[in-house]
Amino acid sequence: QVQLLESGGGLVQAGDSLRLSCVASGRTFSNRVMGWFRQAPGKERKFVAGISRSGGNTGYEESVKGRFTISRDNAKNTVYLQMNSLKSEDTAVYYCAARRSEYFSGNYYYTEVNEYHYWGQGTQVTVSS
C-alpha cells in the first residue's frame, strides 16, 4: 500500500505561482509513474501532468503547457508541480496519483484516472481574479 500526502495549496491571485509537493510512503517510489490531476466543483477529475519513473519524460494537459512543470526527486520520494501564471480556471482540488510499481523498460507516463492505483487526499488551489 502506498500513501500519498500533498501539500502546497492555497489562495493566490491570478498571475501568482504555487508549488505543490507530494510525498509517497514506501521504498518503490522510483518504480512508479506519477501524476497530478485536478477536480473543479461539479466536474470530473482530469489529468494535469504526468512523469515517467526516471523523470525523463513528462506530459501536460493542453491548458497548462508552458505554465506548469512536473518534476520528481526519487531520493526524497517526492513529486512536484510548479504552477506559474495561475488563472482563475486553475481553481480546483489537486490530487497526486501513483501507479503500481513497474519493472519493465520504458520512459512513459499515463493520463487517465483509471490508470493510477493510489491517490492522495487532495490539496485546494484557489486563484482569485
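Q: Quick one before we start: what counts as buried here?
A: Buried means under 20% relative accessible area. Keep in mind that this is a predicted model.

Q: Thanks! So is Glu102 buried or exposed?
A: Glu102 has a relative accessible area of 4%, so it counts as buried.

Q: Where is Glu102 in the fold?
A: Glu102 sits in the loop between β9 (92-98) and β10 (118-119).

Q: And what does the side chain of Glu102 make a polar contact with?
A: That would be the side chain of Tyr110, at 3.1 Å.

Q: Which other residues is Glu102 in contact with, leaving aside neighbours within four places in sequence?
A: Besides Tyr110, the list has Asn31, Val33, Arg53 and Tyr108.

Q: Let's switch to Ile51. Where is that one?
A: Ile51 belongs to strand β5, residues 46-51. Its relative accessible area is 1%, so Ile51 is buried.

Q: What is Ile51 in contact with, sequence neighbours within four places aside?
A: Quite a list: Val33, Met34, Asn57, Thr58, Ile70, Ser71, Arg72, Val79, Tyr108 and Tyr109. Of these, Thr58 in β6 stands opposite Ile51.

Q: How far is Ile51 from Thr69?
A: The two are 9.9 Å apart in space, C-alpha to C-alpha, and 18 residues apart in sequence.

Q: How many residues of β5 are buried?
A: Five of the six, so β5 is largely enclosed by the rest of the structure.

Q: Which strands does β5 pair with?
A: Strand β4 (residues 34-39) pairs with β5 in the antiparallel sense, over five bridges. Strand β6 (residues 58-60) is also antiparallel to β5, with three bridges.

Q: Which residue is the bridge partner of Trp36 in β5?
A: Ala49.

Q: What about the turns, which residues have a positive phi there?
A: In the hairpin of β4 and β5, Gly42 has a positive phi near 75 degrees, and six residues lie between the strands. The hairpin of β5 and β6 also has six residues between its strands, and Gly55 in that turn has a positive phi of about 90 degrees.

Q: New topic: how many disulfides does the structure hold?
A: One. It joins Cys22 to Cys96, with an S to S distance of 2.1 Å.

Q: Which parts does the pair tie together?
A: Cys22 lies in strand β3 (residues 18-24) and Cys96 in strand β9, so the link ties together parts that are 74 residues apart in sequence.

Q: Left-handed or right-handed?
A: Left-handed, because the torsion about the S-S bond is about -75 degrees.

Q: And are those cysteines buried or exposed?
A: Both Cys22 and Cys96 are buried.

Terms used:
Residues numbered from 1 in each chain as written. Predicted model: local features only at pLDDT ≥ 70, side-chain atom pairs only at ≥ 80, totals over all residues. Heavy atoms only, no water. Helix = DSSP H or I, 4+ residues; strand = E, 2+ residues; numbered from the N terminus. Buried < 20%, exposed > 50% of the residue type's maximum accessible area, 1.4 Å probe, protein only. Contact = heavy atoms within 4.5 Å. Polar contact = N/O pair within 3.5 Å; in protein donor to acceptor, adjacent residues only side chain to side chain. Disulfide = S-S within 2.5 Å. Pairing = 2+ DSSP bridges.
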